[in-house]
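Trainee: Can we go through this one together? I'd like to ask as we go.
Mentor: Fine, ask away.

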Amino acid sequence: MNLKHVNAIVVGAGAGGGVVAKELSEAGLSVVLLERGEWVSFETYGQDELINQRTTVLGNAYGPDDRSPRVIETSPGTWGVVMPNEGGYSNNAACVGSGTVSYGAMGWRYMEKDFKMRSTYGAPEGSTLEDWPISYADLEPCYHKAEQEVGVSGDMSTNPFAAPRKDPYPMPAFPYNHEGRILEAAAKRLGFHPFPIPMLRNSVPYGGRNACIHNRYCCGFACPNNAKNGTHNTVIPRALASGNCELRTRSVASEVVIDDHGVARGVRYFDENDAPQYQTADLVVVSGGAIETARLLLNSKSKLFPNGAGNRYDWVGRNLQGHAYCGADGLFDEDTFDDVGSGATIAISDFNHGNPGVTGGAVLCNEFIRPPYGFTGMRPPGSPLWGKAHKDFQRRFYKRNISVRGPVQEMPVFDVRAQIDPSVRDHWGIPVVRLSGNRHPGDIDTARVIADRAEAWLKEAGAVEIWRNIPGTAAGAGQHQAGTCRMGDDPKISVTNRFGQLHDVGNMFVSDASLHVTNGGFNPALTILALGYWVSDHIKARWKAGVLT
Amino acid sequence: MHASGRLLKHGSLSPTPPRISRSRKAVAMSAPEPTIPQGPGFSRRTALKLGLVGVIGAACGVGSTRFVARLGKAARPRYRFFTEAEAKLLIDICEQIIPGDDAPGATETGAIHYIDRQICGPLAKHKRAYRVGLESFRQTCLRKYNAPFETLDPSAKIEMLRMIESDAAPKALWDEPSAGAFFNLVLAHTMQSFYGSPRHGGNRDYSSYRMLGLDYPQIAGQNRYPKA
C-alpha cells in the first residue's frame, strides 16, 4: 500500500520532535509524526516503586520493552546484550512525549558560557570540547517560547549567575519545601545564592490544565493531575489540533531513504502490526534522542553515504554525553521530610563555572523525594545493608536526610560513542546500537570539586553525618543523552550546520539533544525544547522561500 | 505441556525454557531462539549478570498447576517456582535480611511470594541463580554447621549469611552464582518485596509504609498534602 506523500516526517515524539511537529503543522506543512512507543497514562503504573522511570527492576513503565535490546561494550573486546530496563542501556523512554512524561521536569536554560566551553576553558587533552556554533543570545527567543508554550514556573531574581532573560517566567516559582528552607538558610550563611528550581510544572493552573498537587512521587512517574508539562500534553495535542499532523504510534523507523543525488525521499518503518511501510516526504526531521537518532542515521546507508547519513567524516554517534552526577548525602537529627512533592525545590548556580583548576561544573539541587526502596541504597560507606541495622536506619533516617546532587557537565570524548553492532538485531531485524567508551578523567576531577561544595552545604545545614558521591569512569549517557550529531560550521568536525540541517543532505534535519556540542551543567530538557523551535524556524523559513533541498 | 509437576516436585531442571506468561516478556526476538553472540572477553559470569544465559528453571504456571490439581487438593503446590524445601530455606534467609521486630519482617510481609511470583515473570532470568544458589547455600550450611540452616541459633544464622555476603564460602560449592552474587540477589529482591507496591506480592498491608510513618496507599489528591 502506498502511503500518501506528505511535506515532512518527524521521527520521534519526544521533546525535540514534539515541538517540530507542532511548529511545522501549524505553519501549514502536512506532517507525519512517527513514534515507536504509545500513549501512556498515569493509570497504567500509577506510583509503583518498582516500575517507573527511575527504578526499573520489574520493567520500564514508559518503554521500550525487550524488543529493543542494545549492546554494551564494557571494555575493548568485552561486550554483551542488555535489555532496556537493565543497567548500562542508557534508556530514555519510548512513548508519546518520551522522557517529558515522567521526568523531574526541571526547566533550565543553559548559561552563556555553556555555549562557549572551548573559548572559556581551552580544549583539555583527550576531549573534543568545542564551542557551539550558536550563542545563548541566539537561542534566547526559543527558550522564551519553550517556557511559554510548554510552561515553566520559576523566578531567577535571586540567582546572579543566570543568563539574561527578556521576560519573566509565565508562572510563579514553587515555594521551597522543608528541605529547601533548611538549605536556603545554610546557603545564605555560606554566601551562596539560592533560588527556586525552574520547573516544567504548573505552580498555578496554566495552559488549560491543573496546578500541581504536590504528590509524593513525581520524578520518574507520569502526573496523576496532568500538571507536569511535556510535549504529550502541550505541543503534540496542538499539532494534532492543527489538522495537519498525523501521529502514528508503535511505528519503528528503520531507515531514512536517500537517493543517488543526496536527497532524502522518505522513511522506512514498521507499523503497529510489524509490517514494513514506506512513507515519502519533502523533508525528514530525526528526533529519536541522541542514541536512537545516531542509530537511525548510521543505519541509513545510501550510494553517496555508504557509512550512513551525515557520516561522511565519521562523526555520527561520536561524543556521546550525559552528565557526571555527583553530590553528597547527609543525615540529620531533626525531621527534614514534609511529604511535599516533587521535593526538589532549591538550587545554587554558584559552581557552574569558575571552579579553580577544573573545567565546567554543575548546578546543585536538593533531590526529589526518595521512595523507601530507593532510600535502601542511600547509606554511608561501610554501613550494614541488612538485618536489624537496616531496619533501624530506615526508621531513624527516612524522614531525616537531605541529598544534594549536581549534573557535572561532561567533556566530550570522540571515542565515547554509539555505533551499529555488526551482529545483534532487534525484534524488527534492525541492527541495534553498541555503546562504548569511558568518560574524560577531568569530569571526575570536576565532580570532586562539586561534591565538596555539596558536602559543605549540608554541613552548614546541620547534617550530623555526610558522605560524598563521586561518579566512576564508565560513560553512561542515560536520560540526559546528548552530543552524537554535533552542530557546527565545519562539515569535517560536525554532523549538522547551526540549524540542525545535515551538511550533506539538505532536506534532512536533526532536532534533539544529539545537536548539543556540550551538555551544560543542567538537566537538558528545556534546551532540547528550545532547539526544536530553533530548527523549526529555519525549516519554516526555507519552506516559505521554496527551498526544499 | 510437559510433566512439569514432576519437575517441580523433585526440583530438577527442565530441559526446555519455561513459558513466560507476561506479554511484556513473551515477545520474541527476531529469531525464535535467539543465539546471543558474545565477544571474546565476554565471560559467562558477565552473561549471567546481564541475564543472557538461557533460563533452566522448572516450569511455572498453568501446566504444573493443572497436573498437580488432578492429584487432589492437598497436593496443590504453594509456590509457582520453589519447592517446599527451597521456599522454607529462602523464607528464613529473607527473614534475616529484614527481621520482624515490633514491625513485621520479610516473612510476615510476603517476601517469598514476591520472589516466587516475580521470577515467574519479569525476574525470570534469575531462576537458575535461585535454584543453584539455594542448593549451594544448603550444602555450605551442612558443611560448616553440620545442620540445616533453619535449625541454627540466631547468631549462627547471621554469621552464616555474613560468610555468604562476603563471598567467603567454600568455592567448591559456589560457581555460578558466586556466594556473594547470590546474596546480593536475595538482598535486592527482599528489599523490593518489603518496600515495593503490595500488588507485586510483598509489603503486605503496606507494612513498610506504616513502619516509616508514611501515608498509604498513595491516592492522588486525597492524601494530606499541605497547601503550597
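Trainee: Let's begin with D65(A): how many other C-beta atoms lie within 10 Å of D65(A), and what does D65(A) count as?
Mentor: D65(A) has 17 other C-beta atoms within 10 Å, so it is partly exposed. The cut-offs are 20 or more for buried, 12 or fewer for exposed, and partly exposed in between, with C-beta atoms placed from the backbone. Before going on: this is a predicted model, where local features need pLDDT of at least 70 and side-chain atom pairs count only at pLDDT 80 or more, while totals for chains, interfaces and linings use all residues. Residues are numbered from 1 along each chain as its sequence is written, and chains are lettered from A and ligands numbered from 1 in the order in which they are written.

Trainee: Where does D65(A) lie?
Mentor: In the loop between α2 (42-45) and β3 (70-75) of chain A. Helices are DSSP runs of H or I with at least four residues, strands are runs of E with at least two, and both are numbered from the N terminus. The C-alpha atoms of D65(A) and F375(A) are separated by 26 Å, and the two residues are 310 apart along the chain.

Trainee: What kind of peptide bond joins G63(A) and P64(A)?
Mentor: A cis one, with omega about -5°. P64(A) is also in the loop between α2 and β3 of chain A. Chain B has a cis bond between E176(B) and P177(B), with omega about 0°. P177(B) lies in the loop between α9 (154-165) and α10 of chain B.

Trainee: Why point those out?
Mentor: Most residues other than glycine have a negative phi, and most peptide bonds are trans. On the phi side, N226(A) is not a glycine but has a positive phi of about 55°. N226(A) lies in the loop between β5 (195-196) and α7 (235-241) of chain A, and is partly exposed with 16 C-beta neighbours inside 10 Å. D167(B), not a glycine either, has a positive phi of about 65°. The loop between α9 and α10 of chain B holds D167(B), which is partly exposed with 15 C-beta neighbours inside 10 Å.

Trainee: Step back a bit. How many helices and strands are in chain A?
Mentor: Twelve helices and 17 strands. The radius of gyration of chain A is 22 Å, close to the 24 Å that the globule rule gives for 549 residues, so chain A is as compact as a globular protein of that length. That radius is taken over C-alpha atoms, and the rule is 2.2 Å times the number of residues to the power 0.38. Of the 549 residues, 61% count as buried.

Trainee: And which residues have the most contacts inside the largest nonpolar core?
Mentor: V31(A), L33(A), V284(A), L364(A) and A530(A), in a core of 201 residues. Such a core is a set of buried Ala, Val, Leu, Ile, Met, Phe, Trp, Tyr and Cys residues joined through C-beta atoms within 7 Å. Helix α12(A) gives the most to this core, with ten residues.

Trainee: How do α5 and α12 of chain A cross?
Mentor: The axes of α5 (residues 136-151) and α12 (residues 525-545) come within 8 Å and cross at roughly 110°. Axes are lines fitted to C-alpha atoms, for helices over the stretch in contact, with angles from 0 to 180 degrees between N-to-C directions. That makes α5(A) roughly perpendicular to α12(A); the range for this is 65 to 115 degrees, with under 35 roughly parallel, over 145 roughly antiparallel and the rest oblique. The residues making the contact include L139(A), C142(A) and Y143(A) of α5(A) and L526(A), A530(A) and W534(A) of α12(A). Residues are in contact if their C-beta atoms, placed from the backbone, lie within 7 Å.

Trainee: Now chain B. How many helices and strands there?
Mentor: Eleven helices and zero strands. Of its 228 residues, 37% count as buried.

Trainee: Is helix α7 of chain B enclosed or open?
Mentor: Seven of the eight residues of α7 (residues 111-118) are buried, so this helix is largely enclosed by the rest of the structure. Among the buried ones are I112(B), Y114(B) and I115(B). What covers the buried residues of α7(B) includes α5 (84-97), α6 (106-109) and α10 (179-195) of chain B.

Technical notes. Two residues are in contact if their C-beta atoms, placed from the backbone, lie within 7 Å.
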